[in-house]
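Hi everyone, thanks for coming. Today I'd like to walk you through some side-chain contacts, so please have a look at the picture with me.

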Amino acid sequence: APINPLSDLEIIHTELILADLETVQKRISTLEKNLRAGADKETRLLKDILDRCATHLGAGKLMNRYSYTEDEWRLALRDLHLLTIKPMLIVANIDENEVTSPEKNPHWAALSAFCSSNAFELVPLSAKLESEISELSKTDTQGASEFLSAAGWMGCMASINVDEIMLPMIIHSRPGTMTPTGPYDNEPALSPLACNPSLSLR
């Protein structure tokens, strides 16, 4: 099959939205039962917030594009661990000759536009080059440094400051896992999702 990383990413995008929508709808269902039993004002407020979230997700939009207050986050959203509310880092596998100029890749422009419109961080990676760097650095740190310098590349993983990005999700260029964390506070990472996406531009 022809390589189509944008289509792959759109599928993942949709699956994440549907997963969040299911989470929100389950919570709403529980709140509705509580309201019928005579729950308090806070429960009604919580349901109103989640109803708006469900409408947003139902329109095919990520929760990172939903405007919510910190109070709404604390009251309604934090404990749901929604996937699309978190920042997302997309690591795209490209040819080693393109790592310093990924725009040369025919898929890069469309993928970059999609990521930009959804507030995703997009980082190029050459799996082949990263593998060579990793192997070389085990036995020859200086040689690995010289190799990187010659390639004009510092290495994808070395260029990512996980603490600054609060890395919520990495889509590996080869089958891997996606591990979420939280936007407002440093929550422990959740269990990896039960899916192994592949995103390759080569």
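Let's start with a word we'll need: a helix here is a DSSP run of H or I with at least four residues, and helices are numbered from the N terminus. Please keep in mind that this is a predicted model.

Now find helix α3, residues 70-77. Glu-70 and Arg-74 sit four residues apart in it, so about one helical turn separates them. Their side chains meet in a salt bridge, 3.0 Å from N to O. Glu-70 is partly exposed at 42% relative accessibility, and Arg-74 is partly exposed too, at 31%.

Within it, the closest N and O atoms of Lys-47 and Asp-51 are 2.7 Å apart. These two residues both belong to helix α2 (residues 41-58), again with a spacing of four residues. Is Lys-47 buried or exposed? Its relative accessible area is 16%, so Lys-47 is buried, whereas Asp-51 is partly exposed at 27%.

Helix α1 has a pair as well: Lys-26 and Glu-22, about one turn apart, form a salt bridge at 3.5 Å. Here Lys-26 is exposed, at 54%. In total, the model has five salt bridges.

On to the aromatics, where the count is three pairs. The ring centres of Tyr-66 and Tyr-68 lie 6.4 Å apart with planes at 20°, and because stacking needs planes under 30 degrees apart, this pair is stacked. Both tyrosines are buried, and together with Trp-73 they form one aromatic cluster.

Methods:
Residues are numbered from 1 along each chain as its sequence is written. This is a predicted model: local features need pLDDT of at least 70, side-chain atom pairs count only at pLDDT 80 or more; totals for chains, interfaces and linings use all residues. Side-chain values use heavy atoms; hydrogens and water are left out. Rings of Phe, Tyr and Trp (its six-membered ring) pair if their centres lie within 6.5 Å; planes under 30 degrees apart count as stacked, over 60 as edge-to-face and the rest as tilted. Buried means under 20% relative accessible area, exposed over 50%, partly exposed in between (1.4 Å probe, protein chains only). A salt bridge is a side-chain nitrogen of Lys or Arg within 4 Å of a carboxyl oxygen of Asp or Glu.
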